[in-house]
Amino acid sequence: MASKAITSTIRRALSKPHGVVSRRHHLSTAAAAATDYEDESIMMKGVRISGRPLYLDMQATTPIDPRVFDAMNDSGINEYGNPHSRTHLYGWEAENAVEVARIQVAKLIGASPKEIIFMSGATEANNTAVKGVMHFYKDTKKHVITTQTEHKCVLDSCRHLQQEGFEVTYLPVKTDGLVDLEMLREAIRPDTGLVSIMAVNNEIGVVQPMEEIGQICKEHNVPFHTDAAQAIGKIPVDVKKWNIGLMSMSAHKIYGPKGVGALFVRRRPRIRLEPLMNGGGQERGLRSGTAATQQILGFGAACDLAMKEMEYDEKWIKGLQERLLNGIREKLDGVVVNGSMESRYSGNLNLSFAYVEGESLLMGLKEVAVSSGSACTSASLEPSYVLRALGVDEDMAHTSIRFGIGRFTTKEEIDKAVELTVKQVVKLREMSPLYEMVKEGIDIKNIQWSQH
Amino acid sequence: MVSRSEVLSLCRAMLRAGRQYPHYNLREYTKRRTLDGFRMNKNLTDQSKVNEAYAEAKAQFVVLERSVKFHSLYPPKTKNIMEVKLQ
(Lines give C-alpha, C1' and ligand atoms only; values in the text may rest on other atoms or scores of the structure.)
Protein backbone atom coordinates (compact mmCIF):
# COMPACT_ATOMS: atom_id res chain seq x y z
CA MET A 1 0.00 0.00 0.00
CA ALA A 2 2.79 2.40 0.94
CA SER A 3 4.60 1.86 -2.37
CA LYS A 4 1.41 2.63 -4.34
CA ALA A 5 1.00 5.87 -2.42
CA ILE A 6 4.62 6.83 -3.06
CA THR A 7 4.41 6.18 -6.82
CA SER A 8 1.18 8.11 -7.10
CA THR A 9 2.75 11.04 -5.27
CA ILE A 10 5.75 10.98 -7.60
CA ARG A 11 3.44 10.86 -10.64
CA ARG A 12 1.53 13.82 -9.23
CA ALA A 13 4.76 15.73 -8.62
CA LEU A 14 5.96 15.08 -12.18
CA SER A 15 2.75 16.16 -13.82
CA LYS A 16 2.06 19.19 -11.67
CA PRO A 17 0.99 22.20 -13.77
CA HIS A 18 2.89 24.76 -11.73
CA GLY A 19 5.91 24.65 -9.52
CA VAL A 20 4.93 25.68 -5.98
CA VAL A 21 4.06 22.70 -3.78
CA SER A 22 0.49 23.60 -2.88
CA ARG A 23 -0.76 23.16 0.65
CA ARG A 24 -3.80 21.11 -0.27
CA HIS A 25 -1.82 18.24 -1.79
CA HIS A 26 0.46 17.58 1.16
CA LEU A 27 2.01 14.15 1.48
CA SER A 28 0.08 12.03 3.90
CA THR A 29 2.03 8.81 3.62
CA ALA A 30 3.93 7.42 6.56
CA ALA A 31 7.16 7.88 4.64
CA ALA A 32 6.76 11.66 4.64
CA ALA A 33 5.94 12.11 8.30
CA ALA A 34 8.75 14.64 8.80
CA THR A 35 7.24 17.45 6.73
CA ASP A 36 4.36 19.36 8.25
CA TYR A 37 2.68 21.83 5.97
CA GLU A 38 0.27 23.21 8.57
CA ASP A 39 3.11 25.06 10.33
CA GLU A 40 5.00 26.72 7.48
CA SER A 41 7.69 28.29 9.63
CA ILE A 42 11.06 26.82 10.45
CA MET A 43 12.30 26.63 14.03
CA MET A 44 16.06 26.28 14.30
CA LYS A 45 18.56 27.27 17.00
CA GLY A 46 15.86 29.03 18.96
CA VAL A 47 14.87 31.29 16.06
CA ARG A 48 11.60 31.08 14.17
CA ILE A 49 11.60 32.18 10.52
CA SER A 50 8.60 32.05 8.27
CA GLY A 51 10.24 30.32 5.31
CA ARG A 52 13.56 29.47 3.73
CA PRO A 53 15.70 32.62 3.75
CA LEU A 54 16.74 34.24 0.52
CA TYR A 55 20.30 33.29 -0.29
CA LEU A 56 22.77 36.15 -0.61
CA ASP A 57 26.00 34.42 0.43
CA MET A 58 27.51 33.42 -2.90
CA GLN A 59 31.09 33.82 -1.64
CA ALA A 60 30.64 31.06 0.91
CA THR A 61 29.25 28.66 -1.67
CA THR A 62 26.85 28.56 -4.61
CA PRO A 63 23.93 26.27 -5.45
CA ILE A 64 24.69 23.65 -8.10
CA ASP A 65 23.40 24.76 -11.49
CA PRO A 66 20.87 22.18 -12.83
CA ARG A 67 22.87 21.89 -16.06
CA VAL A 68 25.93 20.92 -14.01
CA PHE A 69 23.88 18.41 -12.03
CA ASP A 70 22.76 16.86 -15.30
CA ALA A 71 26.37 16.32 -16.38
CA MET A 72 27.23 14.54 -13.12
CA ASN A 73 24.39 12.04 -12.94
CA ASP A 74 25.25 9.77 -15.81
CA SER A 75 28.73 8.99 -14.58
CA GLY A 76 27.52 7.95 -11.15
CA ILE A 77 24.90 5.60 -12.58
CA ASN A 78 26.51 4.12 -15.68
CA GLU A 79 30.13 5.11 -16.11
CA TYR A 80 31.31 4.30 -12.62
CA GLY A 81 34.73 2.93 -13.47
CA ASN A 82 38.01 4.05 -11.98
CA PRO A 83 39.69 6.34 -14.51
CA HIS A 84 43.04 4.75 -13.69
CA SER A 85 41.94 1.22 -14.64
CA ARG A 86 43.65 0.62 -17.94
CA THR A 87 42.30 -2.81 -18.76
CA HIS A 88 38.58 -2.45 -19.44
CA LEU A 89 35.88 -0.27 -20.94
CA TYR A 90 34.73 1.16 -17.60
CA GLY A 91 38.18 2.59 -16.95
CA TRP A 92 38.56 3.93 -20.48
CA GLU A 93 35.14 5.62 -20.37
CA ALA A 94 35.86 7.24 -17.04
CA GLU A 95 39.31 8.37 -18.19
CA ASN A 96 37.83 9.95 -21.33
CA ALA A 97 35.25 11.78 -19.26
CA VAL A 98 37.92 13.12 -16.87
CA GLU A 99 40.04 14.28 -19.82
CA VAL A 100 37.06 16.12 -21.32
CA ALA A 101 36.53 17.88 -17.99
CA ARG A 102 40.24 18.74 -17.87
CA ILE A 103 40.01 20.42 -21.29
CA GLN A 104 36.95 22.39 -20.14
CA VAL A 105 38.75 23.68 -17.05
CA ALA A 106 41.89 24.51 -19.02
CA LYS A 107 39.96 26.47 -21.64
CA LEU A 108 38.42 28.69 -18.99
CA ILE A 109 41.81 29.91 -17.78
CA GLY A 110 43.76 29.83 -21.03
CA ALA A 111 46.01 26.92 -20.08
CA SER A 112 46.87 23.58 -21.60
CA PRO A 113 45.02 20.50 -20.22
CA LYS A 114 48.32 18.93 -19.18
CA GLU A 115 48.80 21.73 -16.68
CA ILE A 116 45.64 21.00 -14.64
CA ILE A 117 45.83 18.78 -11.55
CA PHE A 118 42.51 17.86 -9.95
CA MET A 119 42.37 18.10 -6.18
CA SER A 120 39.79 18.08 -3.45
CA GLY A 121 39.34 21.83 -3.45
CA ALA A 122 41.10 25.15 -3.33
CA THR A 123 42.34 24.54 0.22
CA GLU A 124 44.27 21.44 -0.86
CA ALA A 125 45.53 23.27 -3.94
CA ASN A 126 46.76 26.19 -1.82
CA ASN A 127 48.49 23.85 0.61
CA THR A 128 50.14 21.89 -2.22
CA ALA A 129 51.29 25.05 -3.96
CA VAL A 130 52.72 26.88 -0.95
CA LYS A 131 54.26 23.93 0.90
CA GLY A 132 55.14 21.94 -2.21
CA VAL A 133 57.12 24.66 -3.97
CA MET A 134 59.00 25.73 -0.84
CA HIS A 135 59.88 22.16 0.18
CA PHE A 136 61.19 21.44 -3.31
CA TYR A 137 63.53 24.42 -3.27
CA LYS A 138 64.28 24.38 0.46
CA ASP A 139 68.05 24.36 -0.02
CA THR A 140 68.23 27.57 -2.00
CA LYS A 141 64.98 29.49 -1.42
CA LYS A 142 63.98 30.44 2.09
CA HIS A 143 61.54 33.34 1.67
CA VAL A 144 57.82 33.57 0.89
CA ILE A 145 55.84 36.73 0.20
CA THR A 146 52.11 36.91 0.77
CA THR A 147 49.56 39.50 1.82
CA GLN A 148 47.68 40.07 5.08
CA THR A 149 44.32 39.58 3.37
CA GLU A 150 44.92 36.07 2.02
CA HIS A 151 42.60 33.16 2.70
CA LYS A 152 43.16 31.39 6.01
CA CYS A 153 44.56 28.25 4.34
CA VAL A 154 47.38 30.21 2.69
CA LEU A 155 48.16 32.10 5.91
CA ASP A 156 48.14 28.89 7.91
CA SER A 157 50.40 27.11 5.39
CA CYS A 158 52.83 30.05 5.66
CA ARG A 159 52.73 29.81 9.45
CA HIS A 160 53.53 26.11 9.16
CA LEU A 161 56.49 26.99 6.92
CA GLN A 162 57.65 29.55 9.48
CA GLN A 163 57.72 26.83 12.11
CA GLU A 164 59.90 24.77 9.77
CA GLY A 165 62.39 27.63 9.47
CA PHE A 166 61.33 29.57 6.37
CA GLU A 167 60.82 33.34 6.47
CA VAL A 168 57.51 34.88 5.46
CA THR A 169 56.74 38.51 4.62
CA TYR A 170 53.09 39.45 5.06
CA LEU A 171 52.62 42.50 2.84
CA PRO A 172 50.20 45.11 4.18
CA VAL A 173 47.46 46.39 1.88
CA LYS A 174 46.27 49.93 1.25
CA THR A 175 42.95 51.11 2.65
CA ASP A 176 41.18 50.13 -0.54
CA GLY A 177 42.43 46.55 -0.21
CA LEU A 178 44.90 46.58 -3.09
CA VAL A 179 48.53 45.54 -2.76
CA ASP A 180 51.14 48.29 -2.99
CA LEU A 181 53.32 47.33 -5.97
CA GLU A 182 56.37 49.26 -4.75
CA MET A 183 56.27 47.41 -1.43
CA LEU A 184 56.10 44.13 -3.30
CA ARG A 185 59.07 45.07 -5.43
CA GLU A 186 61.12 46.00 -2.37
CA ALA A 187 60.13 42.85 -0.48
CA ILE A 188 61.46 40.48 -3.15
CA ARG A 189 64.87 39.08 -2.18
CA PRO A 190 67.29 36.84 -4.08
CA ASP A 191 66.11 33.89 -1.98
CA THR A 192 62.38 34.45 -2.50
CA GLY A 193 60.80 31.17 -3.53
CA LEU A 194 57.14 32.14 -3.96
CA VAL A 195 54.81 35.13 -4.16
CA SER A 196 51.21 34.26 -3.25
CA ILE A 197 48.52 36.88 -3.82
CA MET A 198 44.85 36.06 -4.30
CA ALA A 199 43.10 37.37 -7.39
CA VAL A 200 39.69 38.25 -5.90
CA ASN A 201 39.34 38.53 -2.14
CA ASN A 202 36.52 36.44 -0.75
CA GLU A 203 35.57 38.91 1.98
CA ILE A 204 35.75 42.32 0.37
CA GLY A 205 35.71 41.40 -3.31
CA VAL A 206 38.60 43.57 -4.51
CA VAL A 207 40.46 42.47 -7.63
CA GLN A 208 44.22 42.78 -7.27
CA PRO A 209 46.30 44.28 -10.15
CA MET A 210 47.26 40.81 -11.39
CA GLU A 211 49.02 41.80 -14.62
CA GLU A 212 51.35 44.23 -12.85
CA ILE A 213 52.14 41.72 -10.08
CA GLY A 214 52.83 39.05 -12.69
CA GLN A 215 55.17 41.43 -14.49
CA ILE A 216 57.12 42.11 -11.28
CA CYS A 217 57.43 38.40 -10.53
CA LYS A 218 58.59 37.72 -14.08
CA GLU A 219 61.31 40.40 -13.83
CA HIS A 220 62.65 38.87 -10.65
CA ASN A 221 62.06 35.28 -11.82
CA VAL A 222 59.93 34.32 -8.80
CA PRO A 223 57.04 31.84 -9.17
CA PHE A 224 53.67 33.58 -8.81
CA HIS A 225 50.91 31.64 -7.06
CA THR A 226 47.37 32.96 -6.88
CA ASP A 227 44.27 31.71 -5.15
CA ALA A 228 41.72 32.26 -7.89
CA ALA A 229 38.82 30.37 -6.30
CA GLN A 230 36.60 33.47 -6.34
CA ALA A 231 37.92 34.72 -9.67
CA ILE A 232 37.52 31.99 -12.30
CA GLY A 233 34.31 32.09 -14.25
CA LYS A 234 33.57 35.56 -12.91
CA ILE A 235 36.32 37.79 -14.26
CA PRO A 236 38.36 36.95 -17.38
CA VAL A 237 41.40 34.94 -16.26
CA ASP A 238 44.37 34.34 -18.54
CA VAL A 239 47.37 32.58 -16.99
CA LYS A 240 49.71 33.68 -19.78
CA LYS A 241 48.76 37.36 -19.58
CA TRP A 242 49.05 37.38 -15.82
CA ASN A 243 52.27 35.33 -15.90
CA ILE A 244 50.97 32.87 -13.34
CA GLY A 245 52.97 29.87 -12.21
CA LEU A 246 50.38 28.23 -9.93
CA MET A 247 46.67 28.85 -9.56
CA SER A 248 44.16 27.30 -7.14
CA MET A 249 40.60 26.78 -8.28
CA SER A 250 37.46 25.59 -6.57
CA ALA A 251 34.31 24.15 -8.09
CA HIS A 252 31.71 25.07 -5.53
CA LYS A 253 32.20 28.81 -6.05
CA ILE A 254 31.12 28.62 -9.71
CA TYR A 255 27.91 26.60 -9.35
CA GLY A 256 29.65 23.25 -9.25
CA PRO A 257 29.74 20.48 -6.65
CA LYS A 258 31.63 20.68 -3.37
CA GLY A 259 34.68 18.54 -2.82
CA VAL A 260 36.61 19.18 -6.01
CA GLY A 261 39.03 21.80 -7.21
CA ALA A 262 42.17 22.04 -9.27
CA LEU A 263 45.68 23.40 -9.25
CA PHE A 264 47.18 24.87 -12.39
CA VAL A 265 50.93 24.15 -12.55
CA ARG A 266 52.74 25.83 -15.41
CA ARG A 267 54.89 23.67 -17.68
CA ARG A 268 56.74 26.27 -19.73
CA PRO A 269 58.87 27.43 -17.92
CA ARG A 270 58.43 24.52 -15.57
CA ILE A 271 57.35 24.96 -11.95
CA ARG A 272 58.44 22.07 -9.79
CA LEU A 273 56.86 21.06 -6.54
CA GLU A 274 56.78 18.26 -4.00
CA PRO A 275 53.44 16.44 -3.84
CA LEU A 276 51.39 16.50 -0.66
CA MET A 277 49.61 13.22 -1.40
CA ASN A 278 51.95 10.29 -2.03
CA GLY A 279 50.75 7.14 -3.68
CA GLY A 280 50.40 5.62 -7.12
CA GLY A 281 51.62 8.66 -9.02
CA GLN A 282 48.29 9.77 -10.51
CA GLU A 283 47.86 13.32 -11.85
CA ARG A 284 51.48 13.63 -13.04
CA GLY A 285 52.69 12.37 -9.65
CA LEU A 286 51.49 15.53 -7.96
CA ARG A 287 48.27 14.21 -6.49
CA SER A 288 47.89 10.48 -6.01
CA GLY A 289 44.54 8.90 -5.39
CA THR A 290 41.54 7.91 -7.47
CA ALA A 291 40.06 10.88 -9.28
CA ALA A 292 36.59 11.84 -8.01
CA THR A 293 35.04 11.28 -11.42
CA GLN A 294 31.53 12.51 -10.71
CA GLN A 295 32.73 15.68 -9.02
CA ILE A 296 35.31 16.32 -11.72
CA LEU A 297 32.72 16.06 -14.46
CA GLY A 298 30.61 18.56 -12.52
CA PHE A 299 33.60 20.88 -12.23
CA GLY A 300 34.27 20.67 -15.96
CA ALA A 301 30.64 21.35 -16.83
CA ALA A 302 30.58 24.29 -14.42
CA CYS A 303 33.68 25.80 -16.04
CA ASP A 304 32.25 25.30 -19.52
CA LEU A 305 29.01 26.97 -18.48
CA ALA A 306 30.86 29.81 -16.75
CA MET A 307 32.83 30.54 -19.90
CA LYS A 308 29.65 30.81 -21.97
CA GLU A 309 27.66 32.75 -19.39
CA MET A 310 30.36 35.08 -18.01
CA GLU A 311 29.32 38.19 -19.91
CA TYR A 312 25.59 37.69 -19.36
CA ASP A 313 26.01 36.99 -15.65
CA GLU A 314 28.37 39.94 -15.19
CA LYS A 315 25.83 42.35 -16.69
CA TRP A 316 23.01 40.96 -14.52
CA ILE A 317 25.05 40.93 -11.30
CA LYS A 318 26.39 44.45 -11.85
CA GLY A 319 22.84 45.74 -12.25
CA LEU A 320 21.78 44.00 -9.03
CA GLN A 321 24.78 45.34 -7.11
CA GLU A 322 23.90 48.92 -8.10
CA ARG A 323 20.28 48.30 -7.17
CA LEU A 324 21.34 47.00 -3.74
CA LEU A 325 23.81 49.76 -2.98
CA ASN A 326 21.57 52.58 -4.22
CA GLY A 327 18.56 51.12 -2.45
CA ILE A 328 20.39 51.05 0.87
CA ARG A 329 22.09 54.42 0.40
CA GLU A 330 18.80 56.15 -0.44
CA LYS A 331 17.30 55.25 2.90
CA LEU A 332 20.36 55.17 5.20
CA ASP A 333 23.37 57.34 5.87
CA GLY A 334 26.59 56.15 7.45
CA VAL A 335 26.98 53.25 5.03
CA VAL A 336 30.59 52.50 4.07
CA VAL A 337 31.73 50.09 1.35
CA ASN A 338 34.80 48.15 2.49
CA GLY A 339 37.40 47.88 -0.24
CA SER A 340 37.95 49.62 -3.53
CA MET A 341 34.80 50.36 -5.49
CA GLU A 342 36.62 50.57 -8.84
CA SER A 343 38.67 47.40 -8.77
CA ARG A 344 36.01 45.03 -7.50
CA TYR A 345 34.09 41.95 -8.52
CA SER A 346 30.48 43.09 -8.70
CA GLY A 347 29.00 40.06 -6.96
CA ASN A 348 30.61 40.85 -3.62
CA LEU A 349 29.42 43.84 -1.60
CA ASN A 350 30.83 44.28 1.89
CA LEU A 351 29.08 47.09 3.76
CA SER A 352 29.64 48.57 7.21
CA PHE A 353 26.81 50.40 8.96
CA ALA A 354 27.93 53.04 11.44
CA TYR A 355 26.50 53.19 14.98
CA VAL A 356 24.99 49.71 14.76
CA GLU A 357 26.08 46.63 16.67
CA GLY A 358 27.11 43.80 14.36
CA GLU A 359 25.80 40.68 16.08
CA SER A 360 22.36 42.17 16.73
CA LEU A 361 22.13 43.24 13.09
CA LEU A 362 22.89 39.71 11.94
CA MET A 363 20.42 38.23 14.43
CA GLY A 364 17.71 40.50 13.07
CA LEU A 365 18.50 39.61 9.47
CA LYS A 366 17.52 35.96 9.80
CA GLU A 367 15.33 36.03 6.69
CA VAL A 368 18.31 36.97 4.53
CA ALA A 369 21.20 34.52 4.37
CA VAL A 370 24.24 36.78 4.49
CA SER A 371 27.50 36.54 6.31
CA SER A 372 29.70 38.85 8.26
CA GLY A 373 33.39 38.12 8.01
CA SER A 374 34.32 34.96 6.15
CA ALA A 375 32.74 31.59 6.87
CA CYS A 376 36.08 30.14 7.90
CA THR A 377 36.66 32.51 10.80
CA SER A 378 33.13 32.87 12.09
CA ALA A 379 33.74 30.72 15.18
CA SER A 380 35.44 33.52 17.08
CA LEU A 381 33.93 36.87 17.97
CA GLU A 382 36.93 38.79 16.68
CA PRO A 383 36.32 41.11 13.76
CA SER A 384 37.67 39.78 10.53
CA TYR A 385 41.42 40.03 9.99
CA VAL A 386 40.88 41.24 6.43
CA LEU A 387 38.99 44.32 7.61
CA ARG A 388 41.59 44.92 10.26
CA ALA A 389 44.30 44.81 7.57
CA LEU A 390 42.35 47.44 5.63
CA GLY A 391 42.60 49.71 8.62
CA VAL A 392 38.87 49.74 9.35
CA ASP A 393 37.97 50.84 12.90
CA GLU A 394 36.95 48.09 15.34
CA ASP A 395 33.35 49.25 15.62
CA MET A 396 32.87 49.48 11.83
CA ALA A 397 34.56 46.10 11.37
CA HIS A 398 32.04 44.51 13.74
CA THR A 399 29.06 45.79 11.74
CA SER A 400 30.24 44.62 8.36
CA ILE A 401 27.87 42.52 6.27
CA ARG A 402 28.88 40.73 3.10
CA PHE A 403 26.19 40.48 0.43
CA GLY A 404 26.95 37.88 -2.23
CA ILE A 405 25.01 38.21 -5.49
CA GLY A 406 25.02 35.42 -8.05
CA ARG A 407 23.56 34.03 -11.24
CA PHE A 408 20.28 32.99 -9.67
CA THR A 409 19.58 36.11 -7.61
CA THR A 410 16.44 38.00 -8.64
CA LYS A 411 15.53 41.68 -8.51
CA GLU A 412 12.75 40.95 -6.02
CA GLU A 413 15.24 39.26 -3.67
CA ILE A 414 17.48 42.32 -3.77
CA ASP A 415 14.53 44.61 -3.06
CA LYS A 416 13.49 42.44 -0.14
CA ALA A 417 17.07 42.37 1.21
CA VAL A 418 17.22 46.17 1.01
CA GLU A 419 13.89 46.46 2.81
CA LEU A 420 14.86 44.06 5.61
CA THR A 421 18.34 45.56 6.11
CA VAL A 422 17.07 49.13 6.22
CA LYS A 423 14.29 48.20 8.64
CA GLN A 424 16.72 46.43 10.98
CA VAL A 425 19.38 49.17 10.88
CA VAL A 426 16.81 51.91 11.53
CA LYS A 427 15.38 49.93 14.46
CA LEU A 428 18.84 49.43 15.97
CA ARG A 429 19.87 53.02 15.44
CA GLU A 430 16.71 54.30 17.15
CA MET A 431 17.71 52.29 20.22
CA SER A 432 21.31 53.48 20.08
CA PRO A 433 22.34 56.35 22.39
CA LEU A 434 25.52 56.82 20.32
CA TYR A 435 23.45 57.65 17.26
CA GLU A 436 21.44 60.20 19.27
CA MET A 437 24.67 61.89 20.31
CA VAL A 438 25.92 61.96 16.73
CA LYS A 439 22.66 63.50 15.55
CA GLU A 440 23.06 66.21 18.17
CA GLY A 441 26.46 66.96 16.68
CA ILE A 442 28.77 65.46 19.30
CA ASP A 443 31.97 63.98 17.89
CA ILE A 444 32.18 60.42 19.27
CA LYS A 445 35.93 60.12 18.96
CA ASN A 446 36.60 63.06 21.28
CA ILE A 447 34.39 62.02 24.17
CA GLN A 448 35.99 61.59 27.58
CA TRP A 449 34.16 58.61 29.02
CA SER A 450 33.99 58.91 32.81
CA GLN A 451 35.11 55.98 34.94
CA HIS A 452 32.55 54.53 37.35
CA MET B 1 15.52 25.31 -42.48
CA VAL B 2 14.04 26.50 -39.23
CA SER B 3 10.89 28.57 -39.43
CA ARG B 4 9.79 31.40 -37.17
CA SER B 5 6.93 29.38 -35.73
CA GLU B 6 9.31 26.54 -34.78
CA VAL B 7 11.55 28.94 -32.90
CA LEU B 8 8.59 30.47 -31.10
CA SER B 9 7.15 27.11 -30.16
CA LEU B 10 10.52 25.99 -28.76
CA CYS B 11 10.67 29.16 -26.68
CA ARG B 12 7.15 28.56 -25.37
CA ALA B 13 7.97 24.92 -24.58
CA MET B 14 11.09 25.92 -22.64
CA LEU B 15 9.20 28.54 -20.65
CA ARG B 16 6.43 26.08 -19.87
CA ALA B 17 8.99 23.47 -18.70
CA GLY B 18 10.84 25.99 -16.53
CA ARG B 19 7.66 26.95 -14.70
CA GLN B 20 7.54 23.46 -13.20
CA TYR B 21 10.62 23.79 -10.99
CA PRO B 22 9.52 23.68 -7.34
CA HIS B 23 12.48 25.95 -6.58
CA TYR B 24 11.93 29.72 -6.66
CA ASN B 25 15.41 30.74 -7.88
CA LEU B 26 15.58 28.15 -10.65
CA ARG B 27 12.10 29.06 -11.88
CA GLU B 28 12.89 32.73 -12.13
CA TYR B 29 16.33 32.13 -13.67
CA THR B 30 14.99 29.80 -16.38
CA LYS B 31 12.32 32.31 -17.35
CA ARG B 32 14.78 35.19 -17.55
CA ARG B 33 17.55 33.25 -19.28
CA THR B 34 15.25 31.68 -21.89
CA LEU B 35 13.70 35.00 -22.84
CA ASP B 36 17.05 36.79 -22.94
CA GLY B 37 18.63 33.94 -24.87
CA PHE B 38 15.99 34.02 -27.59
CA ARG B 39 15.97 37.83 -27.66
CA MET B 40 19.77 37.98 -28.15
CA ASN B 41 19.46 36.02 -31.37
CA LYS B 42 16.30 37.77 -32.54
CA ASN B 43 17.94 39.71 -35.35
CA LEU B 44 20.00 36.96 -36.94
CA THR B 45 19.56 36.99 -40.71
CA ASP B 46 21.96 34.27 -41.85
CA GLN B 47 19.87 31.07 -42.02
CA SER B 48 22.78 28.77 -41.09
CA LYS B 49 23.37 30.80 -37.92
CA VAL B 50 19.67 30.58 -37.13
CA ASN B 51 19.78 26.80 -37.55
CA GLU B 52 22.85 26.63 -35.32
CA ALA B 53 21.23 28.67 -32.57
CA TYR B 54 18.06 26.60 -32.82
CA ALA B 55 19.99 23.33 -32.51
CA GLU B 56 21.80 24.66 -29.43
CA ALA B 57 18.52 25.73 -27.85
CA LYS B 58 16.98 22.33 -28.65
CA ALA B 59 19.88 20.55 -26.89
CA GLN B 60 19.45 22.79 -23.86
CA PHE B 61 15.71 22.07 -23.90
CA VAL B 62 16.42 18.33 -23.55
CA VAL B 63 18.69 19.04 -20.56
CA LEU B 64 16.04 21.38 -19.10
CA GLU B 65 13.25 18.81 -19.27
CA ARG B 66 15.42 16.15 -17.67
CA SER B 67 16.58 18.45 -14.90
CA VAL B 68 13.03 19.68 -14.17
CA LYS B 69 11.93 16.07 -13.68
CA PHE B 70 14.91 15.38 -11.44
CA HIS B 71 14.56 18.52 -9.35
CA SER B 72 10.82 17.93 -8.96
CA LEU B 73 11.59 14.65 -7.19
CA TYR B 74 13.27 16.68 -4.42
CA PRO B 75 11.06 19.69 -3.74
CA PRO B 76 12.02 21.99 -0.89
CA LYS B 77 10.29 21.05 2.36
CA THR B 78 9.31 24.60 3.29
CA LYS B 79 8.46 27.55 1.12
CA ASN B 80 10.98 30.23 0.24
CA ILE B 81 10.49 33.60 1.96
CA MET B 82 9.79 35.17 -1.43
CA GLU B 83 6.83 32.85 -1.96
CA VAL B 84 5.43 33.10 1.55
CA LYS B 85 4.83 36.83 1.46
CA LEU B 86 3.17 36.63 -1.92
CA GLN B 87 0.19 34.85 -0.41
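1. In this predicted model, strand E7 (residues 192–196) and strand E8 (residues 224–227) of chain A pair in the parallel sense, with two bridges between them. One residue pair can be named here: A:Ser196 has A:His225 of E8(A) as its bridge partner.

2. The path between these strands involves a helix. E7(A), helix H7 (residues 210–220) of chain A and E8(A) form a β-α-β unit, and the unit is right-handed.

3. E7(A) also pairs with strand E5 (residues 143–147) of chain A; the two run parallel and are joined by four bridges. Within E7(A), A:Thr192 is the residue that stands opposite A:His143.

4. Is E7(A) mostly covered or mostly uncovered? The strand is mostly covered, as five of its five residues are buried, that is, under 20% relative accessible area.

5. A separate point concerns the second largest pocket, which holds about 1,300 Å³ of space. Its lining counts 38 residues, and those nearest the centre are A:Arg52, A:Pro53, A:Tyr55, A:Ala369 and B:Asn80. Two or more lining residues come from each of these elements: strand E1 (42–44), strand E2 (47–49) and strand E13 (368–369) of chain A, and helix H2 (24–40) and helix H3 (47–72) of chain B.

6. Which element gives the largest share of that lining? H2(B) does, with three residues.

7. By residue class, the lining of the second largest pocket consists of 23 nonpolar, eight polar and seven charged residues.

Definitions and conventions:
Residues are numbered from 1 along each chain as its sequence is written. Chains are lettered from A and ligands numbered from 1 in the order in which they are written. This is a predicted model: local features need pLDDT of at least 70, side-chain atom pairs count only at pLDDT 80 or more; totals for chains, interfaces and linings use all residues. Side-chain values use heavy atoms; hydrogens and water are left out. Buried means under 20% relative accessible area, exposed over 50%, partly exposed in between (1.4 Å probe, protein chains only). Two strands pair if DSSP finds at least two bridges between them. A crossover is right-handed if, with the strands pointing away from the viewer, the path from the first strand over the helix to the second runs clockwise. On a 1 Å grid over the protein atoms alone, a cavity is a set of points where a 1.4 Å probe fits but cannot get out, and a pocket is an open set with protein on both sides within 12 Å along at least five of seven lines; lining residues have an atom within 4 Å of a point. Grid points are joined across faces, edges and corners, and a volume is the space filled by probe spheres set on the points. Ala, Val, Leu, Ile, Met, Phe, Trp, Tyr, Cys and Pro count as nonpolar, Asp, Glu, Lys and Arg as charged, and the others, Gly among them, as polar.
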